Amino acid sequence: MNPRSRHRVIFDTDPGVDDAMALYFALAHPDIELVGITTTFGNVRVEQAVQNALYLCQIAGRTVPVARGLASPWVKPGEAPPEHIHGADGLGNLPSRQALRAQADPRSAAQFIVDAARERPGEISLVAVGPLGNLAAALKLEPALPGLLRGVVLMGGTVLEPGNVSPVAEANIWNDPHAADIVFTAGWPLTMVGLDVTHRLILPVTLFREIARHHQHLATDTLLHAVDFYAHFYSQRFAHVGQVHGCFGHDVLAFIRLVAPGLFGTVNGPVRVATEGPAAGQTILKRLPELHYPHPGWEPHVPCTEACMSVDATAAADLFRQTLLGDWLTR
Ligand code: RIB
Ligand code: CA
């Protein structure tokens, strides 16, 4: 295999139901090597995020280091987690859990990212699917980090699609807009997988039932339970999602972009994040490369982001299905 086609990944996450889908896709995909999981507040409080990441790995029979990240946003006050979407435990209120055997890595998420990048310069990709405080903290610890990583793919933001927490803001960016603006202007190879594409990937609960029936395994039963809860929220909010009793596969699409970039259409340009006022959390993409705006914040040196604007959703869903039906679970 071409060594470049294998992806060594640190997964920054707030698990969370669609985060769990993404984690299991990463564990199941043969081209992804998960070198660590860094956790953040978001769908749940950070301590619950740590527990969920450890638990999901344990029941899948995998050992992956899990580091604890930020418990609150950089500047704005934190908000209560959205229990009505992901459940009070982030996994659709599981009726019971095995006792955890593993403990979190003693390092902070930011330190974990910096250490891994220094150990393997140019090899690690970051896939970030929660609020972006850990990435901003890692940049503060190691300003040369952008040159030490292979790239960053993040699920967050939106360009044309309406927001999901305000008319213009997507949840991950809304939850820490100041950190997000630092991340979008850091100068690393950055791909944004936002609502413009994640709202195209609708995954029905029947797909997760098929995966669970195929494996007959606690990990896929747990995923099915969590997705069933999550799908109630999306099915009530969006009529076209309700028709198939499904949900959006937000976070897994970041991994799908990593391994199958040809499924996406992109636009390249600087992205800035509004941090205050009614537009707080908006990701603003400069879409006209030939036009120079004279205002502060849009200088020609502001780094570019590759923003995903279209996706072959049928092929993405099929890749998800085939990957999860593969032989990836140990007993
Ligand atoms: O807006 C979707 C994002 O918000 C996903 O990362 C989901 O897990 C939630 O955190
Ligand atoms: Ca998430």
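Donors are N, O and S atoms within 2.8 Å of the metal (3.2 Å for Na, K and Ca); water is not among the atoms, so sites may look incomplete.

**View 1. Who holds the calcium ion (ligand 2)?** Its protein donors are Asp14 (OD), Asp19 (OD), Asp19 (OD), Val129 (O) and Asp251 (OD), at 2.3 to 2.8 Å. This is a predicted model, where local features need pLDDT of at least 70 and side-chain atom pairs count only at pLDDT 80 or more, while totals for chains, interfaces and linings use all residues. Residues are numbered from 1 along each chain as its sequence is written, and side-chain values use heavy atoms, with hydrogens and water left out.

**View 2. The donors along the chain.** Their spacing reads D-x4-D-x109-V-x121-D. Asp14 sits in the loop between strand E1 (7-13) and helix H1 (17-28), and Val129 in the loop between strand E5 (124-128) and helix H5 (133-141), 115 residues apart. (Helices are DSSP runs of H or I with at least four residues, strands are E runs with at least two, numbered from the N terminus.) Both Asp14 and Val129 are buried, meaning under 20% relative accessible area, against exposed over 50% and partly exposed in between (1.4 Å probe, protein chains only).

**View 3. Helix H1.** H1 has twelve residues and spans 17 Å from first C-alpha to last, close to the 16 Å expected at 1.5 Å a residue; that expectation is 1.5 Å times one less than the number of residues. How many of its twelve residues are buried? Twelve, including Asp19, Leu23 and Tyr24.

How values were computed: Chains lettered and ligands numbered in written order.
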